[in-house]
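Me: I would like to learn how to read helices and surface patches in a protein model. Could we go through one together, step by step?

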Amino acid sequence: MWRRCRLVGLSGPFVNWYDEYTGPASAESLRRALMTTDPITVHQDPAEPTAAVTVEGSASGFLMGGNLSELRGEVGVELPSLDGAILFIEDVKGTGLGQVDRELTQLMRSGSLDGLRGVAVGQFPGFEETVRGGWTIIDVLRDRLTRLGVPVLGGLPIGHAHNPHLPTLPLGTNATVDTAAGTLTVTAGVR
C-alpha cells in the first residue's frame, strides 16, 4: 500500500483475537490507531530479550517493516525504498538463527537498507536457546544491526509472542526511536 499508493497500513494483532492472547488493552490500542489522531508511544520492556540489541541514539523517519521473513520475501519485488525510514522488525521462530542471519544479510546486500535512519526491534519468540558455537538471537541481531551505523531500539513488546497489551502501529507515518527514553513514538495513521 505504501509503495504504490502512499497509504498507511497497520501492524498489530489479528482482528479475531481472544483475551488469552491479546486482551482488552490490545483492542483499545487498535481502536485508538483507527479512530484518533493521537501519537502512539511504545516503551521498551527491559525484560524482552531483544532489549540487549540496543545501539544508542535517536532518529526520525517514516516507519516501515513488520515480520522479518515477510520483508525479506519482498526484496526485488514489492519492498518500498527504506531510504529515510525507521525499520520495525519482529519474527517468530522458523528454521533457526541461520534464517534470521540470511534474512538480514539479504536485506543489507540488496541495498534495501541503504539510507535507513534507525531500527525498532520487537519480539523474536522461540529463539531463546543458544545454538552450536554459543550464539543466540541477540548475537545475530547485534552482529547484523550494529553494522548499519544507526540507532537501534530493542526490547519493544510487539510481535508474535503472547502479549495481553499488544499495540497496533501505523506503518508509513513518521516515527522516532529514542534509546535514551526507551521509546518508539509513531504519529497517527488517520487525520
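This is a predicted model: local features need pLDDT of at least 70, side-chain atom pairs count only at pLDDT 80 or more; totals for chains, interfaces and linings use all residues.

Me: Which residues of helix 2 are buried, and how do they lie around its axis?

Reply: Buried here means under 20% relative accessible area, and in helix 2 this holds for Ser26, Ser29, Leu30 and Ala33. Looking down the axis, the buried residues fall within an arc of 100 degrees, so they line one face of the helix. They pack against strand 1 (9-11) and strand 2 (40-43), while the face turned away from the buried side carries the exposed residues Pro24 and Met35.

Me: Which residues make the nonpolar surface patch?

Reply: Leu10, Leu34 and Met35 make this patch of about 310 Å². Leu34 lies in helix 2 and is partly exposed, with a relative accessible area of 46%.

Me: How does helix 4 read, and what do its buried residues pack against?

Reply: Helix 4 (residues 97-109) should span 18 Å with its 13 residues, and its end C-alpha atoms are 18 Å apart, which agrees. Its buried residues, among them Leu97, Val100 and Leu104, pack against helix 3 (68-73), strand 4 (85-90) and helix 5 (137-145). After helix 4 comes Gly111, with a positive phi near 85 degrees.

Notes. Residues are numbered from 1 along each chain as its sequence is written. Side-chain values use heavy atoms; hydrogens and water are left out. Patches are made of residues with over 30% relative accessible area and no salt bridge: like charges are joined within 9 Å, nonpolar side chains (Val, Leu, Ile, Met, Phe, Trp, Tyr) within 5 Å. Accessible areas come from the Shrake-Rupley method with a 1.4 Å probe; for residues, only the protein chains shown count as cover. A salt bridge is a side-chain nitrogen of Lys or Arg within 4 Å of a carboxyl oxygen of Asp or Glu. Helices (H or I, at least four residues) and strands (E, at least two) are DSSP runs, numbered from the N terminus. Buried means under 20% relative accessible area, exposed over 50%, partly exposed in between (1.4 Å probe, protein chains only). The arc is that of the directions from the helix axis to the C-beta atoms. Contact means heavy atoms within 4.5 Å. The expected span of a helix is 1.5 Å times one less than its number of residues.
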